[in-house]
Amino acid sequence: MKLSLNIFRKFFMYLLFTVSLTACASEPDEGGEEAGGEGNDASEENGEESGEASEGGDLVIATLSDITGMDPHGSNDVPSSNVQHNVFETLVIQDENMELQPNLAEDWEQTGDTTWEFYLRDDVTFHDGAEFNAEAVKANIDRIQDEDVASPRAFLYEMVEEVNVVDDYTVEFVTEFPFAPLPVHLAHSGGGIISPDAIEEDYAAMEDGEQPGDYINDNPHGTGLFKFREWDSGNEAVLEKNEDYWGDVPHVDTVTFKVTPEDLTRVGELETGEADIIFPVSPSDMSRIENTDGTDMYVQDSLSLEYISFNVQKEPFDDKKVRQAISMAVDKEAIVEGVMDGAATEAVGPIGEKVFGFSDEVEGLEYDPEQAKELLAEAGYEDGFSTTLWTNDDRERQDIAEVVQQQLKEIDVDVEIEVLEWGAYLDSTAEGEHEMFILGWSSVTGDADYGMYPLFHSDNHGDPGNRSFLENEEIDEVLEEARRAEDESEREELYKEAMELLVEEAPMIYSHHDDYLVGVRDEVKGFWKHPNGIFQLQDVSIEE
């Protein structure tokens, strides 16, 4: 009898999250996006008998979307982070239970209400030969905060007032206000540490008229498990083993992130062995993979939200009643069961129950087409209106768009669907060119600050996350107060209030929380995917 790779794992993870999430919440992918490989035996989880892992080979991961760049400070999407994570490391990481673990920092402590000290490893070298030390850490945080660089991840560290070099391997962070989640923000992939020599070269290139990150995208030197080999835009990004890695050297020689946009083509590549791992897998293709010799499914609970957003700066979505009406006209159950085959959970608000700050006392907008019609009439749209719904080239999102299109016909809203390529999609929604669009967000830090502040605070319009272009003073104030609060129970109450305000304001339809569905060949051992969405390749090997 063939067993799913993750039946035990899902049950185990559920228990761990239920028991430990409160402890983890003192903080945090997709900023907080980073993940760690410590604290789990990935070989046993993939059904491998204990023993020596196979060495060598090219691990091929077929993915839907290409990366947008190699600069960890210059992008804010999961496809890019999945590649960057292996090249650039963070000071700390979160293990599979969202608990903080040492990484480039061996230890850390809060030395005052607004001061933290991190004690760094002294045996780490960047891929280009530069030394890792406190000066390198300071150079990276300074770069992220530099307005000329305009990092979309600057919001992660905007509360940091100073980064001080105490000595070669001790660095002090001084924050504007007490900020408990700082260590988890430093675990985010946006805090990936770049070679200070590469940073210097990138600034020199900027002085010569190039864009921030141009040099780093071509010369991405970190301290990670793998070194950058090449990026053939639109086709593949290739990494190679870092033989001089300070920790355990990876088992595989190279990793190829291959862009395969068509779902069924990815499945075929998995079946023939052209790909070792594929992601995402459509729920409708799961049974095919599970019933094919040599392949199986890896299923992981996630910290993600799939949403259908409005541009609240454009008519008619500048009217809250219209946004509420559209939200009430969309049947989330039809999406979860009809499109996702049950591999998801209906969302109430922007964060799910596994994220610190979630309150089960908050009620979402219920499916009610009749009430939706009444709200549209009150807003002056008794005859409906026409709009355009954007999505990227993801099969489920395109299916969701069609479901929404059909459901909104019932309230006389005519929806035209447009499908955009991933890079253009991110750029255009960041510029606010859309009316409605479908996207996802992963609260990778496991904390509501990351699940709400980037998505809804008015300081974060565009690239950082607020692509609905919401501007609500009351919501801003609550989110600011919540991130400044020192008491955990106070933070929970404030995030409950934020959830209620965001349900009422309805800048987006909070659709569902996905399960991560990954296809894996049986000869791949030691692979796991973090709840924040990042592939963990530290222990991966390929059996002959």
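Asp-447 and Arg-491 are joined through their side chains by a salt bridge, with an N to O distance of 2.9 Å. Asp-447 belongs to the loop between strand S17 (436-442) and helix H15 (448-456), whereas Arg-491 is part of helix H17 (residues 488-505), so the pair ties together parts that are 44 residues apart in sequence. Both Asp-447 and Arg-491 are buried in this predicted model. Elsewhere, salt bridges with shared partners connect Asp-263, Arg-266, Asp-285 and Arg-395 into one network.

In total, 23 salt bridges were identified. One of them links the side chains of Arg-143 and Asp-71, at 2.8 Å from N to O. Arg-143 is located in helix H4 (residues 134-145) and Asp-71 in the loop between strand S1 (58-63) and helix H3 (78-84); the pair therefore ties together parts that are 72 residues apart in sequence. Arg-143 and Asp-71 are both buried. A further salt bridge is formed by Lys-373 and Glu-370, whose closest N and O atoms are 3.9 Å apart. These two residues lie 3 residues apart in helix H12 (residues 369-378) and are thus separated by about one helical turn. Lys-373 has a relative accessibility of 36% and therefore counts as partly exposed.

Helix H4 also packs against helix H6 (residues 196-207), at an angle of about 35 degrees and with the two axes 9 Å apart. The crossing of H4 and H6 is left-handed. On the H4 side the contact involves Ala-136, Ala-139, Asn-140 and Arg-143, and on the H6 side Pro-196, Ile-199, Asp-202 and Tyr-203. Of the residues in this contact of H4 with H6, 5 are nonpolar, 1 is polar and 2 are charged.

An open sheet is built from 4 strands in the order S4-S5-S7-S6, with antiparallel pairing. From one strand to the next, the twist averages 20 degrees. S4 and strand S5 (residues 115-120) run antiparallel and are joined by 6 bridges, and Gly-112 stands opposite Thr-115 in S5. Helix H4 lies across S5, S6 and strand S7 (170-175), and runs at about 165 degrees to S6.

Methods:
Residues numbered from 1 in each chain as written. Predicted model: local features only at pLDDT ≥ 70, side-chain atom pairs only at ≥ 80, totals over all residues. Heavy atoms only, no water. Salt bridge = Lys/Arg side-chain N within 4 Å of Asp/Glu carboxyl O. Buried < 20%, exposed > 50% of the residue type's maximum accessible area, 1.4 Å probe, protein only. Axes fitted to C-alpha atoms, helices over the stretch in contact; angles between N-to-C directions. Left-handed = near helix turned anticlockwise from the far one by under 90°. Contact = heavy atoms within 4.5 Å. Nonpolar A, V, L, I, M, F, W, Y, C, P; charged D, E, K, R; others polar. Pairing = 2+ DSSP bridges.
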